[in-house]
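Please keep the sequence and the 3D view at hand while reading.

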Amino acid sequence: MTATGTFLPKPGAAPLTRMIRAQAALETRMLLRNGEQLLLTVVIPSLLLVLFSTVDIVDTGADGSTVDFLAPGVLALAVLSTAFTGQAIATGFERRYGVLKRLAVSPLPRWGLMAAKTCAVLVTEVMQIVLLTAIALALGWSPHGDPLSVALLLILGTAAFSGLGLLMAGTLKAEATLAAANLVFLLLLVAGGVIVSLDKFPGAARSVLELLPISALSGGLRDVLRDGAGMPWRDLGILAVWAVLGLGAAARFFRWE
Amino acid sequence: MREEPAVDIVGLVKRYGPKTAVDGLDLSVGRGTVTAVLGPNGAGKTTTVETCEGYRRPDAGTVRIFGLDPVANAPVLRPRVGVMLQSGGVYSGARAEEMLRHTATLHAHPVDVDLLIERLGLASCGRTAYRRLSGGQQQRLALAMAVVGRPELVFLDEPTAGLDPQARRATWDLIRDLRDDGVTVMLTTHYMDEAEQLADDVAIIDGGKVIARGSPEQLCRGGAENTLRFIGRPALDLASLLKALPADSTAAELTPGSYRVTGKVNPQMLATVTSWCAQNGVMPDRISVERHTLEDVFLELTGKELRA
């Protein structure tokens with residue numbers, strides 16, 4: 001046998017931007033190719049929006065049309081489904097099947113992987129928001145408010161849910177993450193001001209529920225998009241605290257294997 | 001100055017709770033060689049390799065890869081070292097070719113992906129999702145991912161476990177090409193023939209220590225002697241045969257007409273025996289040579305009983 005030269009050593013990492021871009025594209029494709037994930041991120045929010053806007057099930061607890069109440073809640077739900085539930089489940093199984101272990105010895109640094117995951121989440125969210133906005137507008141939605149406030153809420157909400165999702169994925173077993181992430185999704189859907197106004201809850205419960213990240217996100221979005229409120233500092237503050245706590249705990253406790 | 005070895009392990013100790021997985025292991029791997037780490041299940045093979053890959057910190061002792069610390073110098077080493085894990089490592093929904101192309105993208109000067117796909121017989125399953133690949137296909141994809149970045153050193157943890165004979169040959173050919181191109185290979189295996197076929201150097205480990213070390217030939221020459229058997233006329237005069245053979249040989253008639261000769265079995269010895277037969281007008285029937293294999297050495301050293 002003679003040397004072919006095919007494997008002549010010539011090691012080297014690709015440029016960082018190329019690695020992160022490629023990783024983000026791969027992560028996004030994995031997300032969009034997964035049927036269960038799509039159910040969670042696309043089908044459920046769209047169905048809720050269409051169903052509850054057209055059928056008079058939800059008492060919005062306020063003046064204005066139902067879709068004006070629902071659209072901000074469903075946008076918050078979209079962020080929850082992708083940044084928290086979807087990311088937690090996907091990352092939990094990546095950890096279980098050694099994907100994270102294998103990537104840890106690739107030239108892509110860990111922070112690069114996390115950046116790529118964040119990009120994949122943001123890209124998915126943009127697609128969700130475009131789709132849900134189109135549906136809501138078709139249903140007669142008339143949004144108000146400052147787009148900057150909306151963007152800030154969405155970004156801080158994404159950071160808060162990502163931290164909590166990664167914390168779960170990096171500490172629990174994959175099956176436990178799957179179950180818990182879906183349960184949390186369901187609980188927050190009902191008790192986080194997404195489709196049921198927090199005004200429906202008794203005072204004491206309500207003041208606790210208001211501190212949840214989903215309530216801050218859906219409440220903040222509703223204040224801005226429906227009522228045209230200014231910068232929702234209180235909700236942004238709550239989301240920021242969750243983001244710092246969640247990302248901090250994930251960075252501290254995440255186990256790669 | 002002498003070049004650093006590719007892998008240099010000195011006094012490595014690794015414990016998991018009360019269990020000592022690696023217990024003072026020394027091993028050095030020269031650049032451009034293929035080293036096979038052989039050992040029964042639980043001998044500490046994977047723990048040793050994973051410490052070299054930077055996944056675990058030694059409890060005692062040192063591990064150096066090209067003279068560098070695999071944990072502290074991980075960013076420098078990652079592009080230079082290719083890794084094939086024992087299993088997994090790929091998104092369950094990723095297609096085989098997609099994952100290999102992606103891995104190539106993370107490197108500056110990757111091997112031609114099409115060529116690797118063809119060499120490892122992955123063309124027919126290139127569009128198949130990882131979770132639907134057969135075990136052998138998953139193994140070959142993991143091997144391709146380990147070498148696609150043109151590394152200087154690759155760690156292969158049981159690269160041919162569960163492969164069919166054709167895929168095994170393809171893997172062996174690829175490992176030989178790696179060595180011919182100057183890549184250092186450290187692999188673990190259960191298969192003796194694999195170590196005999198591929199390795200320049202074999203380390204047999206058991207109980208977390210290296211218990212034998214050398215080229216396959218050296219290890220086979222060690223241990224027990226080799227044997228030659230034939231059938232002939234009963235009651236031949238073996239004293240005259242012994243005179244013609246080297247001093248440490250033995251010859252015996254086990255049952256009437258069935259002879260066994262032991263000693264250093266080589267072409268010279270075979271010629272001596274057959275010419276002695278010719279002188280005695282004997283046709284040596286069913287003449288057979290039993291050479292000591294690495295498997296014999298392995299079983300001798302690690303014991304024949306099954307372990308839990």
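## A buried alanine in chain A

A136(A) is buried, because 24 other C-beta atoms lie within 10 Å, and a count of 20 or more is what the term requires. The model is predicted. A136(A) belongs to helix 5 of chain A, which covers residues 110-138.

Leaving aside residues up to four places away in sequence, A136(A) touches L49(A), V67(A), A71(A) and W141(A). G230(A) is 94 residues from A136(A) along the chain, and the C-alpha atoms of the two are separated by 22 Å.

## Helix 10 of chain A

Helix 10 of chain A takes in residues 233-253, 21 residues in all.

Which residues of helix 10 of chain A are buried? They are D235(A), I238(A), L239(A), W242(A), A243(A), G246(A) and A250(A). These residues cover an arc of only 135° around the axis, and therefore lie on the same side of helix 10 of chain A. An α-helix has 3.6 residues a turn, so residues three or four places apart point the same way. The buried residues of helix 10 of chain A pack against helix 6 (147-171) and helix 9 (213-225) of chain A. On the face turned away from the buried side, helix 10 of chain A carries the exposed residues W233(A), G237(A), G248(A) and R252(A).

## Chain B as a whole

Chain B has 308 residues, of which 42% count as buried. Its secondary structure comes to 11 helices and 13 strands. The C-alpha trace of chain B spans about 70 × 45 × 45 Å along its principal axes. Among the contacts in chain B with a separation of 6 or more, 70% are between residues 24 or more positions apart.

Strand 1 of chain B (residues 7-16) runs antiparallel to strand 2 (residues 19-29), and 8 bridges join the two. Strand 1 of chain B is also joined to strand 4 (residues 60-65) of chain B, by 5 bridges and again in antiparallel fashion. D8(B) has a partner on either strand: S28(B) is its bridge partner in strand 2 of chain B, and R64(B) stands opposite D8(B) in strand 4 of chain B. Y16(B) has K19(B) as its bridge partner in strand 2 of chain B. The hairpin of strand 1 and strand 2 of chain B has 2 residues between the strands, and in this hairpin G17(B) takes a positive phi near 60°.

The open sheet has 3 strands in the order 2-1-4 (chain B), with antiparallel pairing. Strand 2 and strand 4 of chain B each have a single partner strand, so they stand at the edges and one side of each is left without a neighbour in the sheet. On average, neighbouring strands of this sheet are turned by 25° against each other, direction ignored. Helix 1 of chain B (residues 45-52) packs on the sheet and touches strand 1, strand 2 and strand 4 of chain B. The direction of helix 1 of chain B makes about 120° with that of strand 1 of chain B.

## Two arginines with positive phi

R150(B) is not a glycine, yet its phi is positive, near 55°. R150(B) is found in the loop between helix 5 (135-147) and strand 6 (153-157) of chain B. Is R150(B) buried or exposed? R150(B) is buried, because 23 other C-beta atoms lie within 10 Å.

R286(B) also has a positive phi, near 45°, in a residue other than glycine. The place of R286(B) is in strand 13 of chain B, residues 285-290. R286(B) counts as exposed because it has 9 C-beta neighbours inside 10 Å, and the limit for that class is 12 or fewer.

## Where the chains meet

How many residues of chain B are in contact with chain A? There are 37, and they are in contact with 33 residues of chain A. On the chain B side, the elements that give two or more residues are helix 3 (96-105) and helix 6 (165-180) of chain B. Helix 6 of chain B gives the most, with 4 residues. By class, this side of chain B has 15 nonpolar, 13 polar and 9 charged residues.

Technical notes. Residues are numbered from 1 along each chain as its sequence is written. Chains are lettered from A and ligands numbered from 1 in the order in which they are written. This is a predicted model: local features need pLDDT of at least 70, side-chain atom pairs count only at pLDDT 80 or more; totals for chains, interfaces and linings use all residues. Two residues are in contact if their C-beta atoms, placed from the backbone, lie within 7 Å. Ala, Val, Leu, Ile, Met, Phe, Trp, Tyr, Cys and Pro count as nonpolar, Asp, Glu, Lys and Arg as charged, and the others, Gly among them, as polar. The expected span of a helix is 1.5 Å times one less than its number of residues. The arc is that of the directions from the helix axis to the C-beta atoms. Two strands pair if DSSP finds at least two bridges between them. Axes are lines fitted to C-alpha atoms, for helices over the stretch in contact, and angles run from 0 to 180 degrees between N-to-C directions.
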